[in-house]
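Here is a short briefing for a first look. Keep the sequence and the 3D view open while you read.

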Amino acid sequence: MAFGNSFKSSHETEKFLCERLLDQNQPISERFRALFSLRNLSGSGPRDALVLATRDSSNLLAHEAAFALGQMQAVEAVPALKDVLEDLSLHPIVRHEAAEALGAIGLESNVPLLRKSLESDPAQEVQETCELALRRIEEQKNSGYTDEISPVVASPFLSVDPAKPASFSFSIDQLREALLNEEKGMYERYAALFALRNHGGDGAVSAVIASLDAKSALLRHEVAYVLGQLQNKAASAALSEVLRNVNEHPMVRHEAAEALGSIADKESIELLEEFAKDPEPIVSQSCEVALSMLEFERSGKSFEYLFMQSPQM
C-alpha cells in the first residue's frame, strides 16, 4: 500500500485502524501496527476494537489487546476483561493478561472475581497474576487514593507495572536476594524486579538475568519483558537460550523473542528469523512482529501508524 498526500480525518483514521486490527487476512505484523496505534488513541472506537481483539484466534494478538486495555486504564472495558478471565476456553496467556489489566485499572469492584479466579483457575500463571492484581489494588487502596480508578504510577519506562517497585533505599544485593528467593511472595519478587530495572547498571542487569531460572513461568516471562525494556546486550545469550528451549512456556519464549528484537544485535536477529518458523504460533508470531518492527526502525519509519494518509491502491 502506498500513501498519497492528503491526510485522512480522525474518524477515518480510527476506522482504518480498527478494521486493520480485526482483519484476520492481514499479516500479524500489520495487525500489531494497528494495535500499537490504537492504544494511543482515546474514545469508544479504539477501545471497542481492542475489546473485540481479546477474542481473536491469535492468542498473541488477543493477549496484547488485553494488555493494551490495562495500560490505557480503560474502565469501560472491565466487563469484557472479566468475561475473558472467566472463559476457561481461552488460552492461559490471554486470561493472564486480562487479570493483569484488571489489576492495572484498579477498581475495587474487580476484587471478587480476581479472588475467585485465584482459587479456581486451573492455570498457575493465571492464579499468580490474580494474586498480583489483588495486591496491587490493595496497595492502591492503602495509599489513600479514593478515585474510582487508580492513578498511573510514574515509571521511567512509561508502563503501568503490575507491582510497585521496591524502595530505592534497598541495595542491588538486597533486591537481588528478594528476586531470587523462592520463598518470597510473587508481589515482593515483582517489586524487586522493577526496582532493579529502574536502578539499571551491570549489577542490576545481572540479577535480572539470573532470575530467568525462577520456578514460576509468570515471573520468568516478566523477567524477559523487563530485559526487553532494558535493551542490554548482556542479556542476549540468556534470552536466546530461553527462545531455543521448546520445553519452556510459550509466554516466556514469546517475551524472550520480543526482548531479543529490542536488543537487535546480529545474533538476535538471526535467531528471530530462525524461530519465525516455530510450530508454536505465540512464538513464531512474536518473532515475525519483532522482525517487522526492526525493519521499520532501520528504514527510519515508525512501526505505528502515526499519520494516516489516503491510501492509493
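Is Leu158 buried or exposed? Leu158 counts as exposed, because its relative accessibility is 80% and exposed means over 50%. The model is predicted.

**The largest pocket**
- The volume of the largest pocket is about 1100 Å³.
- Its lining is made up of 44 residues.
- Nearest the centre of the pocket lie Arg39, Tyr225, Glu258, Ser262 and Met293.
- Sorted by class, the lining holds 20 nonpolar, 14 polar and 10 charged residues.

**Helix H14**
- H14 has 14 residues.
- From first C-alpha to last, H14 reaches 20 Å, close to the 20 Å expected at 1.5 Å a residue.
- H14 is largely enclosed by the rest of the structure, because 12 of its 14 residues are buried.
- Among the buried residues of H14 are Pro250, Arg253, His254, Glu255 and Ile263.
- Just after H14 comes Ala264, with a positive phi of about 60°.

- Gln73 is not a glycine, yet its phi is positive, at about 55°.
- The loop between H4 and helix H5 (78-86) holds Gln73.
- Gln73 has a relative accessible area of 11%. Buried means under 20%, so Gln73 is buried.
- Leu158 also has a positive phi of about 55° and is not a glycine.
- Leu158 sits in the loop between helix H8 (124-142) and helix H9 (172-180).
- Here the two residues part ways: Gln73 is buried, whereas Leu158 is exposed.

**Aromatic pairs**
- The count of aromatic pairs comes to six.
- One of them joins Phe67 and Tyr225 edge-to-face, at 6.3 Å centre to centre and 70° between the planes.
- This pair links distant parts of the chain: Phe67 is in helix H4 and Tyr225 in helix H12, 158 residues apart.
- Phe67 is buried, because its relative accessibility is 14%.
- Which way do the rings of Tyr190 and Phe194 meet? Their planes stand at 70° and their centres are 5.9 Å apart, so the pair is edge-to-face.
- Both Tyr190 and Phe194 belong to helix H10 (residues 186-199). They are four residues apart, about one turn of the helix.
- Tyr190 counts as buried, at 0% relative accessibility. Phe194 is buried too, at 0%.
- Ring pairs also join Phe32, Phe36, Phe296 and Phe303 into a cluster.

**Cysteines**
- How many disulfides does the structure hold? The number is zero.
- A disulfide is a covalent bond between the sulfur atoms of two cysteines.
- Cys18 counts as buried, because its relative accessibility is 14%.
- Cys130 counts as buried as well, at 0% relative accessibility.

Definitions and conventions: Residues are numbered from 1 along each chain as its sequence is written. This is a predicted model: local features need pLDDT of at least 70, side-chain atom pairs count only at pLDDT 80 or more; totals for chains, interfaces and linings use all residues. Side-chain values use heavy atoms; hydrogens and water are left out. On a 1 Å grid over the protein atoms alone, a cavity is a set of points where a 1.4 Å probe fits but cannot get out, and a pocket is an open set with protein on both sides within 12 Å along at least five of seven lines; lining residues have an atom within 4 Å of a point. Grid points are joined across faces, edges and corners, and a volume is the space filled by probe spheres set on the points. Ala, Val, Leu, Ile, Met, Phe, Trp, Tyr, Cys and Pro count as nonpolar, Asp, Glu, Lys and Arg as charged, and the others, Gly among them, as polar. Helices (H or I, at least four residues) and strands (E, at least two) are DSSP runs, numbered from the N terminus. The expected span of a helix is 1.5 Å times one less than its number of residues. Buried means under 20% relative accessible area, exposed over 50%, partly exposed in between (1.4 Å probe, protein chains only). A disulfide is a pair of cysteine sulfur atoms within 2.5 Å. Rings of Phe, Tyr and Trp (its six-membered ring) pair if their centres lie within 6.5 Å; planes under 30 degrees apart count as stacked, over 60 as edge-to-face and the rest as tilted.
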